[in-house]
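Trainee: Could you walk me through the pockets of a protein and whatever sits in them? I'm new to this, so please take it slowly.
Mentor: Gladly; have a look at this one, and then we can go through it together.

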Amino acid sequence: MTKRYAIVLAAGQGTRMKSKLYKVLHPVMGTPMVEHVVNQLNLLQLESITTVVGFGAEKVKEQLGDQSSFVIQEEQLGTGHAVIQAEDFLKDKEGTTIVVCGDTPLLTSQTLEDLLNYHDQEGAKATVLTAKTDDPSGYGRVIRNQADDVERIVEHKDASDVEKNIGEINTGTYCFDNKTLFKVLKQVSNNNSQGEYYLPDVIQLLKQANEKVSAFQTSNFDETLGVNDRIALSQAEKLMKKRINETHMKNGVTIIDPDNSYIGPEVVIEQDVVIHPGCVINGKTIIKSDAVIGPNTEIRNCHIGENTTIRQSVATDSKIGKSVQIGPFAHIRPQADLGDEVKIGNFVEIKKSSLDKNSKVSHLSYIGDAEVGKDVNIGCGTITVNYDGENKHLTKIEDDAFIGCNSNLIAPVTIGKGSYVAAGSTINKNVPSDALSIARVKQTNKEDYAKKIKKTKKD
Ligand code: UD1
Ligand code: CA
């Protein structure tokens, strides 16, 4: 089989986004656009992926990590000039190079594969992926000759009024015979309205040299959407959301209001999970079967066990067991590890703490840097006092302990197995197993004292 290589163009600033964030790093459903592109390319059998970076190079490199190698385009002189930056790395390779823009996040590996196969079948030196749309404004237009073959591509800014009426656009995705590409790129000039070296000019140059050039038209324009401004970004978000949600629904997930449910591309959801409206779920989250999420719940990078319910809450970077109940209005912060059948109620914050099976924190509590055993009951208003202004300290609460309401547990401290802490206690010494600990001022009742005060006030 012909060897295949990829180049991703991601060096532009994205002026039209009017943003300090580099264009290709703008997220669509929580994942930067360029990462969507690279993820799809990774599903193909490619020898290498080279990303051309410039504006925000360090940030783009950091985002993609070892999924790609990188070349730098110091000055953004156009898409043709961007491809030339990969010359040293690719020019001697035999095979096909697919070029994709970093701002077309909806392209699927299936379409890219179809394009590559069509290019091979046709034996072309270049094949451009095109699409038809009623609103081609801003895109390069595909100019065909009388035989309906592609002649050239004209940029919107350089197009005549007649050319502007053409509804077939250049998607910015192409396959090239690799060696031919780098040879012909040398002939591309910047004699156009933007003074840039246009990659699409390669089509006309090859045609003039009597080389075979072809076009592969996809029927799915939506997939080829190029994001140059925030309006297109919102369209991409909407299309991606629909695509992801429909995939989950086909797999047996109930999404009550798909227009109002935002699920990232890497999220895995098992059958019979129900997602209520207003949820934002992203990162590498896994949700096991029969869980019920939402309404209005935000989840990032969590593993959520079977049959667990999370209502009106936020959970991040945490592990949540089976048949757990969370919310409404709970905050599960990073490194929480909640065992099966745990209950976290309203206005409870959990941070970097583990709670073992069947333990409950039902109301208004902060549990941070704690190890909580099983069958523990933590009363309303309990606080682990974990921070002394400089360091964080551990609170241990052993199995079967019962913490009375409104207790402060000043860490480091251990509450022994089966012990009781009386309500309103401020505990700063360990509590032995099976003990009752009371650490509060003793109550004094002064008979008739209130009456006396009232009388003084009257006089
Ligand atoms: C480009 C195509 C246009 C096509 C459209 C599809 C050219 C000249 N035009 O236009 O025919 O219809 O895509 O979406 O190619 N980039 C660099 N270095 C540069 C310039 C751009 O790396 O010097 C990168 C950008 O980061 C971007 C991609 O190339 O990811 C495309 O550039 P952009 O400026 O968005 O081109 P369009 O005007 O959209
Ligand atoms: Ca673009």
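Mentor: Keeping in mind that this is a predicted model, let us start with the largest pocket, which is lined by 47 residues, with R16, K23, D103, G138 and N228 lying nearest its centre.

Trainee: OK, and how much space lies in there?

Mentor: The largest pocket holds about 1,400 Å³ of space, and by class its lining divides into 17 nonpolar, 22 polar and eight charged residues.

Trainee: What takes up the space of the largest pocket?

Mentor: That space is taken by ligand 1, which has 24 residues around it, the closest being Q73, T79, G140, E155 and N170.

Trainee: And how does the shell around the ligand divide up?

Mentor: The shell around ligand 1 has nine nonpolar, 11 polar and four charged residues. Strand 1 (4-10), helix 3 (79-84) and strand 10 (168-177) each supply at least two residues of this shell, and strand 10 gives the most to it, with three.

Trainee: Which side chains have an N or O atom listed with an oxygen of the ligand?

Mentor: R16 has a side-chain N or O atom 3.4 Å from an oxygen atom of ligand 1, and for the side chain of N228 the corresponding distance is 3.3 Å.

Trainee: How much of the ligand does the protein bury?

Mentor: Taken alone, ligand 1 exposes 750 Å², and the protein buries 92% of that area.

Trainee: Switching topic, what about the second largest pocket, what's its volume?

Mentor: The second largest pocket has a volume of about 290 Å³, and it is lined by 17 residues, of which Q40, M240, R243, I244 and P265 lie nearest its centre. Two or more residues of its lining come from each of helix 1 (33-42), helix 5 (109-122) and helix 9.

Trainee: Which of those helices gives the most?

Mentor: Helix 9 does, with five residues, and the lining as a whole has six nonpolar, nine polar and two charged residues.

How values were computed:
Residues numbered from 1 in each chain as written. Chains lettered and ligands numbered in written order. Predicted model: local features only at pLDDT ≥ 70, side-chain atom pairs only at ≥ 80, totals over all residues. Heavy atoms only, no water. Near = heavy atom within 4 Å. Polar contact = N/O pair within 3.5 Å; in protein donor to acceptor, adjacent residues only side chain to side chain. Areas by Shrake-Rupley, 256 points an atom, 1.4 Å probe, with all protein chains shown as cover. 1 Å grid on protein atoms, 1.4 Å probe; cavity = no way out; pocket = protein on both sides within 12 Å on 5 of 7 lines; lining within 4 Å. Sits in = over half its atoms within 2 Å of the grid points. Helix = DSSP H or I, 4+ residues; strand = E, 2+ residues; numbered from the N terminus. Nonpolar A, V, L, I, M, F, W, Y, C, P; charged D, E, K, R; others polar. Points joined across faces, edges and corners; volume = space filled by probe spheres on them.
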